[in-house]
Amino acid sequence: MTGTLYLVPTPIGNLGDISRRCAETLAAADFIAAEDTRVSVKLLNHLELKKPLVSYHEHNKKESGPRILERLLAGESCALVTDAGCPAISDPGEDLVRLCAQAGVPVCALPGPCAAITALSVSALPTGRFTFEGFLPAQKKERRERLERLKTEERTMLFYEAPHHLRGTLGELLEAFGPDRAVSLCRELTKLHEEVLRLTLEEALRYYEANEPRGEYVLVVAGAEPRTETVSLEQALALVQRLTDSGLRTKDAVKQVAEETGVSKNALYAAAVTG
Ligand code: SAM
């Protein structure tokens, strides 16, 4: 019988946030796959557990993933942990989950700490509909394109950011969304210096020009105001035409225009392919 891959969330700062079930799952697993074994050993020491550890991270996942899968297929159970929070959420793990799912290995996700959800709940921004953006792409061009697409996003947006990139990212967000857009800067959640600043993007940029960003951040950004003007199918088709003329595939052009105008994607696609 194959073993199970358990996705075990770990505290994002406060060790007290490890749940009893997560601790029991770590204790019961045949082995633990960890992003950084030195970090995970601290948690295991806290739980007074001694377990065999293997390393699974961004830079060895191509070799480590198949080795873990082999052991699961041979009947061992594995608990996957990362440095903090939910495995597979802006963390290594996504590929291992896919590998296991494809091979028919059961994957069991335990609920637990996640910086994005913790930040969203304390942000005081609308939580009913949100989009998790994680880290913006590292390349300038891709970042710009991503933010361009998000200009009309009406849902609350969640971004992860490291302190040394915070000022630059706030500047880019301001350029894309304007100075008055609300942002909740959630810093060092669950830790000693936990702080939530609820500002506009302009205020946030000014604040961090005067103060050094420190610690880990989730930026929760309010969505765009709902569109009031309505765009007709003909007008939307003309926009699609303009994008396909500039080299975009019809499918991508339709998706983009539908997102930007609110015109039904299916109706637009049908109209675009029938001419
Ligand atoms: N898998 C993790 C999760 O479930 O939240 C996220 C891992 S990602 C590599 C690390 C990023 O999460 C950090 O750069 C920061 O944006 C965010 N983060 C992690 N811990 C945090 C905390 N205590 N307070 C605020 N943000 C945090």
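Predicted model: local features only at pLDDT ≥ 70, side-chain atom pairs only at ≥ 80, totals over all residues.
Residues are numbered from 1 along each chain as its sequence is written, and side-chain values use heavy atoms, with hydrogens and water left out.

**View 1. C78 in strand β4.** Let's start with C78, which sits in β4 (residues 78-81); strands (E, at least two residues) and helices (H or I, at least four) are DSSP runs, numbered from the N terminus. Setting aside residues up to four places away in sequence, C78 touches T4, L5, Y6, A29, F31, A33, I68 and L72. C78 has a relative accessible area of 0%, so it is buried (buried means under 20%, exposed over 50%, partly exposed in between, with a 1.4 Å probe and protein chains only). The C-alpha atoms of C78 and A28 are 9.1 Å apart in space, although 50 residues separate the two in sequence.

View 2. Which residues come nearest to the ligand? They are C86, I89, D91, A115 and Y217, out of 19 residues around the ligand (a residue is near if one of its heavy atoms lies within 4 Å). D91 places a polar side-chain atom 2.6 Å from a nitrogen atom of the ligand. A backbone N or O atom of C86 is 2.8 Å from a ligand oxygen atom, and a polar backbone atom of A115 lies 2.8 Å from an oxygen atom of the ligand. The protein buries 91% of the 580 Å² that the ligand exposes when taken alone (Shrake-Rupley method, 1.4 Å probe; for residues, only the protein chains shown count as cover).

**View 3. S123 in a loop.** Next comes S123, found in the loop between α5 (115-122) and β6 (130-134). Is S123 buried or exposed? With a relative accessible area of 1%, S123 is buried. A polar atom of the S123 side chain lies 3.1 Å from the backbone nitrogen of L125. Beyond its neighbours within four places in sequence, S123 is in contact with S184, R198 and V220.

**View 4. Two glutamates with positive phi.** E48 has phi near 55°, a positive value in a residue other than glycine. E48 belongs to the loop between α2 (37-46) and β3 (53-55), and its relative accessibility of 75% is why it counts as exposed. E188, also a residue other than glycine, has a positive phi near 50°. The loop between β8 (182-187) and β9 (195-200) holds E188, which counts as buried because its relative accessibility is 14%.

**View 5. The whole chain, for orientation.** Of the 275 residues, 41% are buried. Among contacts with a separation of 6 or more, 70% come from residues 24 or more positions apart. The chain's accessible surface is about 15100 Å², and carbon and sulfur atoms account for 51% of that.

Conventions
Polar contact = N/O pair within 3.5 Å; in protein donor to acceptor, adjacent residues only side chain to side chain. Contact = heavy atoms within 4.5 Å.
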